[in-house]
Amino acid sequence: MAVLAQHDLQITRRRVQPKPARDEVWQRGLIVVIIAYLFFGLVMPLAMVFTKSLQTYAFYPEQVTIAFQMPDGSHAEPRSLQDWLDDSGAEANDGLRASERTRIQIVRIIPKNARADVESFRVTDLSADGGQLLIDGVPSEAGQSYDVPRAQLGKVQVRPQVSYGLGNYGYYFSQPSLFNSILNSFIIAMIVVVIVVPLAFGYAYGIMRTRMRGKAFFRLAATVPVLVPSLLPAIGLIYLFGNQGILTPLLMGQSIYGPIGIVMASVFFTFPHAMIIMIVALSTSDQRLYEASEVLGASKWRTFWVVTIPGARYGLISAAFVVFTLVLTDFGVPKVVGGDFNMLALDIYKQVIGQQNFQVGAVVSMVLLVPAVVAFAVDRIVSRRQVAIMSAKAVPFQPEHNPRLDSAMLILCSVVAVFILGILAMCQFAALARFWPYNLTPGLSHYDFSKVDGGGWGAYFNSLKLAVLVSTIGAAIVFLGANMVEKARGFQIGRTILQFLSMMPMAIPGMVLGLAYIFFFNDPANPLHFLYGTMAILVINTSIHLWTVSHLTASTALKQMDKEFEAVAMSLKQPFWRMLSRVSAPVCLPAISEIWLYYFVNAMTTVSAVVFLYSPQTQLASIAVLNMDDAGDIAPAAAMGMMIFYTNALVRILYSLATGRLMGRLQAWRHR
Amino acid sequence: MSSDSYLQVKNVTKEFGDFTALRDVSLDVEKGEFVCFLGPSGCGKTTLLRAIAGLDIQTMGTIIQDGRDISDLPPSERDFGIVFQSYALFPNLTVANNVGFGLIGSGKSRAQINAQVQALLKQVGLPEQGNKYPSQLSGGQQQRVALARALATEPNLLLLDEPLSALDAKVRVHLRGQLKELQRSLGLTTIMVTHDQEEALNLADRIVVLSQGRIEQVGTPIEIYAQPANAFVADFVGEMNFIDARKIDNGHISIGEIRLAAEAAHLNGSDRVIAAIRPEDVQVQSAEATPNNFDVDVRHIEFCGAYLRATLGDRRLGDVSFRADLSMNLVRRLQVHQGGRLTIAMPPERLRVYPAN
Ligand SMILES: Nc1ncnc2c1ncn2[C@@H]1O[C@H](COP(=O)(O)OP(=O)(O)OP(=O)(O)O)[C@@H](O)[C@H]1O
Ligand SMILES: [Mg+2]
């Protein structure tokens, strides 16, 4: 008996290994699938950017020999290409850096007169790994000799070989034209922060803390810029302040092309982001603090500095970092209005699209990642604090009548609204004017995109298709993923990884992600290569690019649900998908539709990531704006930009109606 | 207890990282029994309940239900219904759909489900409320919907985590009666977590008193109240006077100069002990005829509604005082008043002795 008890004890001392439920196998499978989606759509491509940035290419002419076969059939002594180069005093690795795709033709190394009466050539690759030569496109094998008839010699190329190191970084920092962009980008971003953050604070202050009139209008006006690509304000500025602009004299001889234009357009497109953050920050303030301050006899001015500003400080910090990153990572604005003023994000584009120099593009990407990741980290820390403030039981602030303040704020808000709506109106006007600036009669000719490059109406419909696909697929996957992270039982590792991967995209600038996709998907050896150039890759890229904000929206909504719902469902033997479809998804419908809208609007306007990935079959409206502008067809570019605006505005209005009416019916349970 | 109890918890330990929330807890629950887990906040009641449900599986130990080892099974493969303090009603589903949620996919027809839901709603006293949403119901009604939902799948074990504590006092007492009634009529084995001792004493067939992740005592409400196994239970359940004393021999202790008969054989040595007696057990009526009687000063009298609480003490007791609850009637009859003298008795069978900490 005692022995038995001992035995019993042994058994009970063992750690219990919980068994997964039947539906949890599916749940875990789904987590793994979503992790894989983010792994192949984010982690692997990014890893490629890093690898590429470490790759340098160089020619090794001493590894290739060439022997002439004379008309009599005898072979001359083989000579290495290096010997030939020495003869002419040329160098294979001269100032122009070799990249992956650089080739040297043998016929350019061996002078024509030296090979005048040669019948054929025997080329030999002496290297240990082979691949020094491309013979009619086929890489040579190590130690192998190839006989090439005289007429074919033109098809023999020397190929550079890869090695790993920090050479590209050294090159980057030795080129003032490249690393000057860092300074340029930082200065411009700082200037925009200094302008936008106080302005957005004042604007939000007017809306939240005064009794000025037209608050609803101002709120709406300030969010207009999110509906258009950042290219559009730049185009508007050209019409306003360009060589033939209507307000050009106001610049007093300064050119809009360059820092001035970049700052103005950046203010336009970053303003709504800062304002929304400030509205949230100001909405959390506590009336009681103001009353206390008043009781203590503090002046209004002092109260403002002691209560209002500290209360909004996290919002201010967060807004500053968000704006800073947006400017730093945007390439649309400097592309259109930057002139020859270089910015970091634009450098990536120039290096890759212009010069096909992927390695340097990768280095710039790595440089750009640093501030983006720092800004992201700060934003996360700060927003966690902000939540802590919000959860305190606060009494909402009730603004008092203060005619002087109210009118001052009305003026401020009006100026900003006029700036925003003015630029947009200018674009509309330009899109309609027959022939700027000579014939201003309105017409729709610029909306006939068939006469210009860029993909025309096809591009617009592609964009529409992309937006619908991304928003629908994206909202579904993101919500599913967030649901698993928040609600799944066990499988802590999987959920932690998924949570981490879900936060990552926010720290990755669009340009970097786009470049990463080229590296990863355009590699013929990659089994996923077939996606390259398809709509699918655009959908994957965009859904991941915009993942984090969507994920946070979904998580917040899911966290607000009773945390015992899943426990109840399990006790009632209901699988997770029934819980998800009958309870979680319906309860979170407002958040899901918000995610849908966010995806839609941003898929319509995004340029930075997809600019590397579109193909002739998958041209997009936002890219068309870019390309038409590039080709000098500015009016059609403005017209296409306005098409994006109409579409987004319409969807936004439909969304408001839907959330107002339909949601009211579907969500009857919310009302008592 | 017999090894064929309906639910057997054996040596269950639960750790959250470095923190041990349950230490080697063992417990048997019989079929049809109503058991309450009682203890202060943070003692591990919910943790034990969730381990039984499989929601937070124990780190070590075994749980056997109805002869089946369920230690490592997920909740969906166990047999229980559960009601939480928040009720966790699905806000977007009507009351009827909430109750019928567990019946989806059970192979029953819609009509069968509807009939069953109606019957359940009737059983919990909400026959007309099926089409409302949870937010349109009062707290007490919501609680009953949650109960009906938990009963819908006809579980053999009902788990309740503070199901009544979100309600106001009147509703709570009313629902308490209903709950007990329902449990008895169904013969349903039930475990309820509460930190309200009155609720536990009132409802439970047996009470499990927990403290800091350990079981302090298991017993019927009367056992728990009348024979608390240790000072913690004595203090936690009901009112108790704790008086410093010394053990003289196995049958006697002394408080100051006063020698009292008390069962002290369970304590080793002869040193300091703690004597415990409930205020209502201090005997005044015919005290002279009862063992352990002595005279005391009435130092203070406090009016407490149905009774009066007197603070008593005496020079010979040393620097101690204790409380006694006296009925109005008695006070009037014996003319007890502040500053007077009174003869009281501490009946040996009511006087309990615990080791001094
Ligand atoms: N998930 C968890 N992680 C870490 N510690 C936990 C966790 N859940 C519970 N604990 C800790 O375990 C202890 C017991 O918690 P439990 O919820 O069981 O208490 P309780 O007795 O139900 O208390 P209450 O009456 O307040 O509900 C507490 O100290 C609690 O902080
Ligand atoms: Mg609890």
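A: Rings of Phe, Tyr and Trp (for Trp, its six-membered ring) are paired if their centres lie within 6.5 Å; planes under 30 degrees apart count as stacked, over 60 as edge-to-face, and the rest as tilted. This is a predicted model, in which local features need pLDDT of at least 70 and side-chain atom pairs count only at pLDDT 80 or more, while totals for chains, interfaces and linings use all residues; side-chain values use heavy atoms, leaving out hydrogens and water. Residues are numbered from 1 along each chain as its sequence is written, and chains are lettered from A and ligands numbered from 1 in the order in which they are written.

Over all chains, a search of the whole structure finds 28 aromatic pairs. One of them joins A:Phe576 and A:Trp577, whose rings are edge-to-face at 5.4 Å centre to centre, with 75° between the planes. Burial is judged by relative accessible area: under 20% is buried, over 50% exposed, and partly exposed in between (1.4 Å probe, protein chains only). A:Phe576 is therefore buried, at 12%, whereas A:Trp577 counts as partly exposed because its relative accessibility is 42%. A:Phe645 and A:Tyr646 form another edge-to-face pair, with 6.4 Å centre to centre and 65° between the planes. Here A:Phe645 is buried, having a relative accessible area of 16%, and A:Tyr646 is partly exposed at 31%. Elsewhere in the chain, a single aromatic cluster is formed by A:Tyr447, A:Phe449, A:Trp457, A:Tyr460 and A:Phe461.

Rings also take part in contacts with charges. A charge sits over a ring if NZ of Lys or CZ of Arg is within 6 Å of the ring centre and within 35 degrees of the ring normal. The charged end of A:Arg313 meets this rule over the ring of A:Tyr314, 4.6 Å from its centre. A:Lys573 lies over the face of a ring in the other lettered chain, that of B:Phe80, at 5.7 Å from the ring centre.

For the wider setting, an automatic or database domain assignment supplies the domain bounds. Chain A is divided into domain 1 (2–30 + 464–606), domain 2 (57–163) and domain 3 (169–429). Between domain 1 and domain 2 of chain A, the C-alpha centres are 54 Å apart.

Two strands pair if DSSP finds at least two bridges between them. Strand 12 (residues 252–255) of chain B runs antiparallel to strand 13 of chain B, and 4 bridges join them. Within this pairing, B:His252 stands opposite B:Ala261. The hairpin has 2 residues between the strands, and B:Gly256 takes a positive phi near 60° there. Strand 13 (residues 258–261) has a covered face, B:Ile258 and B:Leu260, and an uncovered one, B:Arg259 and B:Ala261.

The loop between strand 13 and strand 14 (272–277) of chain B holds B:Asn268. B:Asn268 counts as exposed because its relative accessibility is 76%. From B:Lys247, B:Asn268 is 21 residues away in sequence and 9.2 Å away in space, C-alpha to C-alpha.
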